Every structure is written in structure tokens, then in C-alpha cells.
Amino acid sequence: MTYPSKVATLLLALALSIALVACGDDGSDADTAATTTGANATTTTGDQETKQKPAPVVPTIVIRDGAPVGGVAELDYNAGDQIRFTVRSDVADEVHVHGYDLAKGVPAGGSVSFSFPADIEGIFEVELEERVEQIAEITVNP
Amino acid sequence: MSFWLPTAHALLARSDLPIPAWLFAWGASIVLIVSFFALSAGWRTPRFERDHWRPLGAGLSRVLISRPVQAICGAIGIFLLGLAVYAGLEGTEAPDRNFALTFLFVTCWLGFPLFSVVFGDVFRPFNPWRAVGRAVGGGFALIAGQRSAHLSYPEALGRWPAAVGLLAFVWLEIVYGASGGIAVGLSPHPAAVAALVYTLYTLTMMALFGVEKWCQTGEVFSVYFGMFARLGSFAFDDEGRLGRRRPLAAATTWATVPGSLAVVIASIATTVYDGAQEGAFKGAITQVFEWFADAGIGLTTSLRLSATIFMLISFCGVALVYLIGVRGMASVKGAPPLAKLRSGFAHTLIPIAFAYLVAHYFSLFVFQEQAQFTYLLSDPLGTATTDLFGTASGGIDFKLLSANAIWYVQVGALVIGHVIGLVLAHDRATACWGDYRQAARSQYWMLAVMVAFTCFGMYLLSVANA
């Protein structure tokens, strides 16, 4: 390898490393942002910003006219956590948690609660089965 | 507006988590270190270009190409295609409960590339269209007493029909299945209809140009799976003898047919698009979709249009990166003509294409094959009334793979694909340039191309589903 080309390749490597570090930072920022907005969007009762371990507020997904209020709710958990959420709906349908394959009916104007251990890692849809309408996305991190 | 793109394949209930930043950084660092090592430790004469094909046992060859074995394999292929079409037409419209979609788009589409790399071109004997074509051709010869005459295939067209067909197939799989502005994924019925249309088209082309000629150039699946078979070491020679050679050696002669570059670029681009639509392109696709929708175009058409545009952008982007690399190599002293360089390095992208496939579809394949061999096998129509093999109540164990296992396979595949791509490119350069020093210099360009593809692949994984 000639000297100038060595310099060029080293510069390339440097540029890539910087880009990588930048990307890495982006990634973790986005993660935390997503988690907080997820909790806010889905928690209708808890508006207190808690930095210490909060008493587990069970997020409620409100369904109006067959669609989730505030868009698809994002629920983040770590493997081993207990996944808890409630769906309050103005239409009768079946709430289906994909992957975990849990399904419970909800009557019009009623609500249904889920509680199960987060023992499969990945990203899962929660859907109103009959309307084929996604209402939440559950993320289980390792 | 109720709009979203599917977080993953419509088939699958579990999507992969994005790879974490630390793994991205490690993967990319390893890629760079390996690449610089490759530059300094390269060999000086081609090792794969002039490798000899060595026959394996003659008895085994005779059995494998014997008429009964060929007929049985062909019949199995025809039966399975027929079953998939039947299930698609008559079975449930629930994509995950119907045999058709998983069999065509997962078991075959993802399974054959894998098996082709390991065992050679295994699709060829099971190719249902080839089997029908050969049977019809044989029947014709028997009755007419002469072999059927064919048009001469325009050689300049080469593998272009396969490249276009490849894009069309993936377009059908991941773009066409939109409804009311929602990418719900392809349903079984249209998939079955598409399979019938493709069958008609393929048999017509085989009648016009000859069965083997069309399999080499235009039949999408023969060309696509055959490309991956070139990475492995088993192959039949022209006289139908089974043999083996150094792995990767067969890849060096793959791209001599025109249009081959388009095939390998299409195969990378379609995987790029499928990965990017879940993350990197998601916002942009939504934006373009909204423009179309606001302009008064129907929601379904708008979504198909915007997705099609980004699929074509992926194709052009992949092509551009490669062509810049070729252009750069051409500037090195003693370079062969540009056209020769362009096709000359096309085969170095095959391992990248394979690595992208593994990275994006590994978990889908592992999970969905459990469905294939349990309830989809016993209850192909998804009617919940049949249980052919007693496995209809089986299901997918989503705990089989941890997130970490998936991540390591994904990044590992990209890194290994990168290394193999570099090896092939270096080998070709030593054959193109008589002077070793110039050959090494030309490889800075291919190195940049490979690093770009590999790091972009990892980037896609890091933002997928995020």
C-alpha cells in the first residue's frame, strides 16, 4: 500500500467510526423517547412525571369508533416483566395479542384487562380481531 | 387517517427487535478490520477462476439423472404447486392459516436459496414448469417422431426477463397486498391466481424458446435459485455428471450472460426495500402516500404507487453504488473496458444478496417453518376441519429464538457475506489486472462498495420496526 492511499483509508475508517458513534447515540435517544411517549399516550390517568419507581400504572387503551384514541399505543417491557394493560372500547370486538396468542372479547362500552408475563422477546401487535385494527404494539426487550 | 405499514411480514406474529447500537458498532468495526486485513493479505494469482470440476461417483450421477428419479421429482414439484394453488383458491383467506402463502413465500422462496447454497441447484429437478415442459416436449417427440422446433432466443436479452420477473414477484408479495390504504399483505386467493398466470406465461415461453433455454434466462425461480447454487460446490456438468469444485468457483462464470447484473441487483434491492419499509423508508413512504392521497388518488392505489416508487428507488440506489465502484475501478491503470468490468464483478454481489436474505428473513423462516410442518401441513386449507397428519393443533414456538440469537445471526451473516464478496472481488481483480499492484489498487473501490452494502444492511437492521 502506498502512503497516500493508507492515509485515505484511515480517513475513511475515521469517518465511518464517527458516523457509527453518531448513529449509536441517535438509537438510544430514540429508544427513551419512544418509551416515554408510549407511557404518556396510553396512560389516561397518570399524568404525574415520575422519576422514581412508579406504582405500576396499568395503561388503558381507549377505543372510540373502533380505533385507538391517540393512535397505536406503544407499550415497552423488559423480558420477565408482567405485561398489564386494559382496553376500554365503545364497540364489541375481540382483543388479540399476537405472538403470545391471547384473545379476550370486549363488549361495547365495556373493558377487558390483560396480565401476562413478558416471556417472549420481540415486537407484537395487539389487534381488534374482527375490525383488523391494530390498537397497540408491545415491545419486549431482552 | 388510518394508515400504517405492516411492522413485518403479514404472516408473522413476532417481529424482530432492531439491533442495538453496540452490536451495530461492533459489526461495523469487524467489517472494517477484516477489510483492511484483506487489502494487505491478498493473494496474487486467481484461485477461484480456474478451479477444476471433479466428478463424484458415477453411480450416484446415473441414479440422480435417471428418468424415474427425474419423473418422481418433477411430479412432486407439480403436486406441491397444485396443492398451493388449490389451497389459495379454495382455502381460508387468513394469510397465516393458508398453506399457499407460507409454502410459496417462505418455504420455497426462502428455503431454496439456503438449500441451493448447501446442496447445489436442487430446485431444477423439482421445478414444476420444467417438468411439465419436458413431459410435453417428450410427448411431442414421441408422437411427431421429431423434436419440437423453437425460436432462437435473443441472446442480448439474456437474464433480463428473470430480473424483471424477480421484481414483479416481490412487488406482488409486499406491495400489491394493500387495501384501503393499509398494507395488509397478500391474501391467498390473488397469490394462487398469480401462480396460475405465471404458469401460463412460463409454459408459453418454454414452448417458444425451449424448456432449458427459458430456465437459464427467463424463468425467475430457476435463475434466482440457480444464482445462489453457484456459491456452493456441487453441480452437474453439461453431460449430466455430478461433481464438485471449490466453493464459490462456480460463481465466477455466472455473470457471463447479459442481464445477470440486473438479477443480482434486483435481489439485493428487493430485500433492502422490504427491510427499509419497516424502518428507514417508513416516514418517506408515508409522506409520498399522503401526497398521492391528497391529490385525490384512491388510498389503495396511493399506497401501491408510493411503495412501488421506493422499491424502484432501492433498485436504482443499489445499482448506483455498484456502478460508482465499477467507474472507480476503471480509473485504475490497465483496467479492462468499462462494460467488461461492469459484468465482471457482478458475481461478487451474490454473497451480499444471500447475506441480506439471511439477515432479514432468518427469524421469519425459523418461525414460519414450524407452522408449515404442523398446522399448515395437516390443515392446508385452514378450515379447521381436516387433520391429515395429526399436527393441526400444533403451533409456532416463538420462544425458540431469543432476541440475542437473532441479532447475532443477522450481523454474522452480513459480516460473512461481506468477507466472501471481498474474496471474490479480489480474485477477479487479480485475473483482470496482470499487475498485482494495480489489482490491489482497484480493490479500494470494491472495498468501499462492500463496506457500504454491509454497513447499510446493519443500519437497516438497527432501525427496522423502530
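In this predicted model, helix 12 of chain B passes helix 16 of chain B in a left-handed crossing (the near helix is turned anticlockwise from the far one by less than a right angle). The contact joins residues such as B:Val264, B:Ile268 and B:Val272 of helix 12 to others including B:Ala353, B:Tyr356 and B:Leu357 of helix 16; residues are in contact if their C-beta atoms, placed from the backbone, lie within 7 Å. By class, eight nonpolar, four polar and one charged residues take part (Ala, Val, Leu, Ile, Met, Phe, Trp, Tyr, Cys and Pro count as nonpolar, Asp, Glu, Lys and Arg as charged, and the others, Gly among them, as polar).

Turning to the strands, three of them form an open antiparallel sheet in chain B, in the order 1-5-4. Strands 1 (54-55) and 4 (234-236) stand at the edges with a single partner strand each, so one side of each is left without a neighbour in the sheet. Strand 1 pairs with strand 5 (residues 242-244) over two bridges, where pairing requires that DSSP finds at least two bridges. Here B:Arg54 stands opposite B:Arg244 of strand 5.

Overall, chain B has 19 helices and five strands, which are DSSP runs (helices H or I, at least four residues; strands E, at least two) numbered from the N terminus. Its C-alpha trace spans about 70 × 65 × 45 Å along the principal axes.

Residues are numbered from 1 along each chain as its sequence is written, while chains are lettered from A and ligands numbered from 1 in the order in which they are written. For this predicted model, local features need pLDDT of at least 70 and side-chain atom pairs count only at pLDDT 80 or more, whereas totals for chains, interfaces and linings use all residues.

Key: Contact = placed C-beta atoms within 7 Å.
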